[in-house]
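Keep the structure open while you read.

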Amino acid sequence: MNDGTTTIWPIIIVGGVLISFIVIGMMQKAREGSDYLFAGRYIGRIGGGAAIASNWMSAASFLGMAGLLYLNGYFALAYVIGWTGGYVLLLVLMAGQIRRFGKYTAPDFVGARYDSPLARLISAVISIVISLIYCIAQFKGIGMLFAWLFGMDYQRGVLLGGTAVVSYVVVAGMLGVARNQQMQYFVTIVSFIVPLMFLAHNLGYFWPLPQIGYGVAIQDLSREFSVNFAAPFASGTLFQWTALCFTLMVGTAGLPHVLSRFYIVPNVRDARWSVVWGLFFIALIYWSAPAYAVFARLMELRSGMVLPPEAARKMADIIVLKAAVMGGVPIWMVGILAAGAACAAFFTVTGLLLTGAASLSHDIYYRILNPRASENRKMVIAKGATLVLAALVMVCALRPPGLIAEITATAFALAGNTIFPVFLLGIWWGRTNRQGAISGMLTGMVITFAEPLFGRFVPQIATIFPITSSALCGAPIVIAVMIVVSLLTPPPSEEMRKFLAREVHGHLG
Amino acid sequence: MQNQDDYLVNLFKPHQGSMVDELSVIIAILAGWGVMNFGFQILLWFLAETPSGEGILSRLTIASFPFNFWFTAQFLPLWFIILCVIFNLYLDRVSERHSRKRDRTYE
């Protein structure tokens, strides 16, 4: 990983930015007093949008996407489309209704809608598994980043970076650091786009808007090296592209930590508009990521140092940083880029680990195992669970099963096969009952992991339900299972159906 | 039976007036979402001249991008934003109309 570029500056900048977030968070907390709650203050539509985008932006957006584009060209645009198009589904089919339903975590919604502790337990387990898979991808990004920063090998990078991120979570949790998501978004997006402008400038492309300027670079690739970056089916078939894209879309609409964003704005109308702002803020980073990939490809070919596929795959997840270094971007600016990546990964891990642990303590321990547990005891369980989950993630990240974006896509497939159908039918078909929901979620889990489970014995399964893109065929099957099972069993309570018709769909806001 | 139907929520059998309006715009938006996105990839597949899918759309250029790359990487995210804005503007209007009709201020 070490290519002789290791200097002290990027380390200082990354450390400085992370520490300043803790300090600023503490100052904010001191100012606002103890009544700081997620719902406790009005942040407006644009602010709500920035919060959605900041919550969304992880190592997968910051590092993983450019890496896959660098390897696969046009095919990887399925990630760009999947991760933006999913918001259309989310807005059109769910945002307003979930806001009116009034339950914002997946277990809360499932528990209330289907009136079933078992369905609640299953959805809590699924949410935690999704968080874990998502975290593994983040830890891979953090590991590669730390390996690059300190010039060490990947395993040590994971151990060091993992320890750093867990300490960050613990310190932030102990000091009760307020999360300022608007500022997090601002820091992340600036640290992604400004180095890209430097890079475009150094390479002689239109730099004020590198998102548009890299078009010429694509043409240079095909003219100088006859590499067609835009060939649609060079790295995958139409089915593979569509399956991946669709999976990421329904996954976006079903991802628990995205769904739970609708409670930070005061009413349905603002919730809807904050989704639009969030989508715009997210699109800013996705319009830019392909430029890093194209520039990296071009510089590599020009320097005549083309990596063999195996080695290219190994370093693809850090291609954003490599491109900046290759393109002669000043080292302090590379440090800012690295700090942005670290922030994206650190904040995502913090959010996912804390909500995962809270869910473990509340939805599983308190609701199922020990309903008489005191608040104190729940807190202790949550703290312990954070460390256990983090350790589990770190062990898995030591031998990462794929690229960052691929690991993340698996989490999306799970969400799209389980949470998405349960929410969709739960909102739009009053007849869906708990038997339907439970059998649907179980089917969805089997389908998601069908490739590693049965792929070796039945090759067709690996073709139809690839691990990163199982929801194109999976989600419709799950929905069908839910409908059939619901029709064969008694309907849900009359109050719930009345509530759905009158409150959730009764009037628009 | 009539009474039961009053609170039967079904995506394909909307009952209340507001839900009918909401549903028509939802279907329109989803159509625009699916056709532009999946439809374009299918079009690329039909127009492919080589196994890697090169064809007329990857030879044409727009803003110096190959057309297919520009469409997917740059236009589609913008198109999704446009769809969301249309949806929200429409729903704002519908909800205002319905809240006036029922003499109820919307949230």
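A salt bridge here is a side-chain nitrogen of Lys or Arg within 4 Å of a carboxyl oxygen of Asp or Glu. By that rule A:R272 pairs with B:D92, with the closest N and O atoms 3.0 Å apart. This pair runs between chains, from helix α12 of chain A to helix α4 of chain B. The model is predicted.

**The interface as a whole**

- In chain A, 59 residues are in contact with 57 residues of chain B.
- The two chains, A and B, bury about 5400 Å² between them.
- Carbon and sulfur atoms account for 69% of that buried area.
- Between chain A and chain B, 14 residue pairs are in polar contact, both residues being at pLDDT 80 or more.

**The chain A side**

- Six helices of chain A are listed as each supplying at least two residues to the side that touches chain B: α4 (77–101), α9 (210–225), α10 (238–254), α12 (268–303), α18 (419–428) and α23 (494–504).
- The most comes from α4(A), with 13 residues.
- By type, the residues on this side of chain A divide into 39 nonpolar, 14 polar and 6 charged.

**Salt bridges across the interface**

- How many salt bridges does the rule find between chain A and chain B? It finds 2.
- One of the partners of B:D92 is A:R272, described above, with closest N and O atoms 3.0 Å apart.
- B:D92 also forms a salt bridge with A:R269, where the closest N and O atoms are 2.9 Å apart.
- That pair also crosses between chains, from B:D92 in helix α4 (residues 67–101) of chain B to A:R269 in helix α12 of chain A.
- Are these side chains buried or exposed? B:D92 has 9% relative accessibility, so it counts as buried.
- A:R269 is buried too, because its relative accessible area is 13%.
- A:R272 is likewise buried.

**Salt bridges elsewhere**

- Over all chains the count comes to 16 salt bridges.
- Within chain A, A:R313 forms a salt bridge with A:E406, and the closest N and O atoms are 3.1 Å apart.
- A:R313 lies in helix α13 (residues 309–315) and A:E406 in helix α17 (residues 404–417), so the pair ties together parts 93 residues apart in sequence.
- A:R313 counts as partly exposed, because its relative accessibility is 36%.
- Shared partners join the salt bridges of A:D220, A:R223, A:E224 and A:R302 into one network.

Conventions:
Residues numbered from 1 in each chain as written. Chains lettered and ligands numbered in written order. Predicted model: local features only at pLDDT ≥ 70, side-chain atom pairs only at ≥ 80, totals over all residues. Heavy atoms only, no water. Contact = heavy atoms within 4.5 Å. Buried area = accessible area lost by both parts, 1.4 Å probe. Polar contact = N/O pair within 3.5 Å; in protein donor to acceptor, adjacent residues only side chain to side chain. Helix = DSSP H or I, 4+ residues; strand = E, 2+ residues; numbered from the N terminus. Nonpolar A, V, L, I, M, F, W, Y, C, P; charged D, E, K, R; others polar. Buried < 20%, exposed > 50% of the residue type's maximum accessible area, 1.4 Å probe, protein only.
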